[in-house]
Amino acid sequence: MRSTTSRRAVLGATGLLGTAALTGCGIPAAYVPQERRSVPDRSERDKTLTFSNWTQYIDVDKAGHRPTLDEFTKRTGIEVTYTEDINDNDEFFGKISPVLAQGGDPGRDLMVISDWMAGRYVNLGWVQTMDRDRMPNVAKYLDPQLRNPAFDPGRKSSVPWQSGITGIAYNRKALGREIKSTADLWAPDLKGRVTLFSGMDEALGLLMLSQGADITKFTADDAHRAMDLVQKMVDRKQIRRFTGNDYTSDLASGAAIACQAYSGDAIQLKADNPDIEFVVPEEGAELWAESLMIPNKAEHKQNAEQLIDYYYQPEVAAKLAAFVQYICPVPAAREVLAQSDDQDTAALAEEPLIFPTDEIRAKLHTMRDVKADERPGFHQIWGKVAGV
């Protein structure tokens with residue numbers, strides 16, 4: 001079992017490197033039109049590709065090998081240079097944006113980007129349109145709930161690698177009752193024992209949903225109302241602190257009783273402490289994904305598309321899901337896991353935080369990305385509220 005590291009929480013608290021910030025970094029904010037995004041594909045003669053991903057986000061065996069990648073190479077002859085060089089969305093954006101803005105070779109054929117940041121790449125025209133004719137498994141098996149995000153309608157430039165839910169985790173024994181709604185976090189007996197995410201993009205969706213907003217098309221007023229609510233809770237000292245990935249240690253130690261949390265962490269938290277519960281609030285929770293994208297000027301686009309489609313075979317998706325234990329974007333993998341001879345592996349088919357039930361799915365919503373012209377104003381307010 002891997003030790004859980006939340007990609008959503010490691011991505012940094014500020015999120016300031018949007019389109020509007022590029023000029024301030026000495027990088028011209030340049031949209032790249034479709035005709036300037038590609039180079040002659042070397043896939044047929046170069047059986048290789050370079051894949052950038054987050055740490056602990058692929059299956060690894062006891063010998064340190066990556067079984068699903070090894071099997072891909074065995075089947076196709078394509079050697080994969082796999083690098084875990086994404087530790088933070090903003091940091092990676094800052095590293096790769098000078099090259100992409102200037103139309104250069106990014107040195108990689110595939111990368112995994114969180115959805116809110118993926119929207120910036122799409123809007124800037126820094127990623128290529130994928131050839132769906134080469135990806136029949138994606139067309140057949142991609143989770144319908146992830147097919148049409150606001151930042152990339154029809155998934156023309158992105159394919160989910162893994163997915164997850166932003167909801168609430170709490171210690172039921174310590175609290176002595178259930179939490180059913182985000183509004184329950186503001187109860188008097190939780191004063192000073194609640195944590196929220198410090199990253200605006202990570203925190204706002206759940207908070208806006210709690211006030212009845214449609215986060216697929218939220219307005220500036222919706223965002224401001226949510227931030228006003230949080231400011232009131234800060235003034236009331238309801239919130240212990242704003243956190244990154246360290247929210248798990250607060251919950252484990254008892255310093256916090258309830259917190260914003262990611263479903264991918266909840267399985268491990270509950271394994272360590274059976275009193276920890278994860279809840280999708282009655283009014284809804286945010287569904288997010290981290291997506292595979294092919295950057296401009298990638299020299300092995302067809303090889304990258306072949307790898308993406310390979311991971312959408314249910315038997316391959318099942319192996320990945322069993323290791324990383326986030327929401328699997330291939331629902332058909334559930335049946336594969338259910339048929340496993342290993343009892344623990346088979347039990348994962350019934351884990352709703354890997355394969356959500358219809359009841360949970362009905363409460364999940366995907367937040368639209370924050371637009372470049374909205375971001376500076378929102379961040380100015382959020383920075384004061386959250387102290388980041």
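**View 1. Ser43 in the loop between α1 and β1.** Ser43 sits in the loop that runs between α1 (7-10) and β1 (48-54); helices (H or I, at least four residues) and strands (E, at least two) are DSSP runs numbered from the N terminus. The model is predicted: local features need pLDDT of at least 70, side-chain atom pairs count only at pLDDT 80 or more, and totals for chains, interfaces and linings use all residues. Residues are numbered from 1 along each chain as its sequence is written, and side-chain values use heavy atoms, with hydrogens and water left out. Ser43 counts as buried because its relative accessibility is 3%, where buried means under 20% relative accessible area, exposed over 50% and partly exposed in between (1.4 Å probe, protein chains only). The side chains of Ser43 and Asp41 are joined by a polar contact of 2.5 Å. A polar contact is a pair of N or O atoms within 3.5 Å; within protein, one must be able to donate a hydrogen and the other to accept it, and residues adjacent in sequence count only if both atoms are side-chain atoms. Not counting residues up to four places away in sequence, Ser43 touches Glu299, His300, Lys301, Gln302 and Asn303 (contact: heavy atoms within 4.5 Å).

**View 2. Helix α11, residues 301-310.** Of the 10 residues in this mostly covered helix, 8 are buried. Among them are Lys301 and Asn303, both of which Ser43 touches.

**View 3. Phe51 in the largest nonpolar core.** This core has 121 residues, and Phe51 and Tyr121 have the most contacts inside it. A nonpolar core is a set of buried Ala, Val, Leu, Ile, Met, Phe, Trp, Tyr and Cys residues joined through side-chain atoms within 4.5 Å. Leaving aside neighbours within four places in sequence, Phe51 is in contact with Val80, Thr81, Tyr82, Thr83, Leu110, Val112, Trp161, Leu292 and Leu307.

**View 4. Ser97 in helix α3.** Ser97 belongs to α3 (residues 89-101). With 1% relative accessibility, Ser97 counts as buried. Its side chain reaches the backbone oxygen of Phe93 at 2.8 Å.

**View 5. Packing of α7 and α16.** Helix α7 (residues 200-210) packs with helix α16 (residues 375-386) at an angle of about 85°, their axes 12 Å apart. Axes are lines fitted to C-alpha atoms, for helices over the stretch in contact, and angles run from 0 to 180 degrees between N-to-C directions. The angle therefore makes α7 roughly perpendicular to α16 (65 to 115 degrees; under 35 is roughly parallel, over 145 roughly antiparallel, and the rest oblique). Met200, Asp201, Ala203 and Leu207 of α7 make the contact with Arg375, Phe378, His379 and Trp382 of α16.
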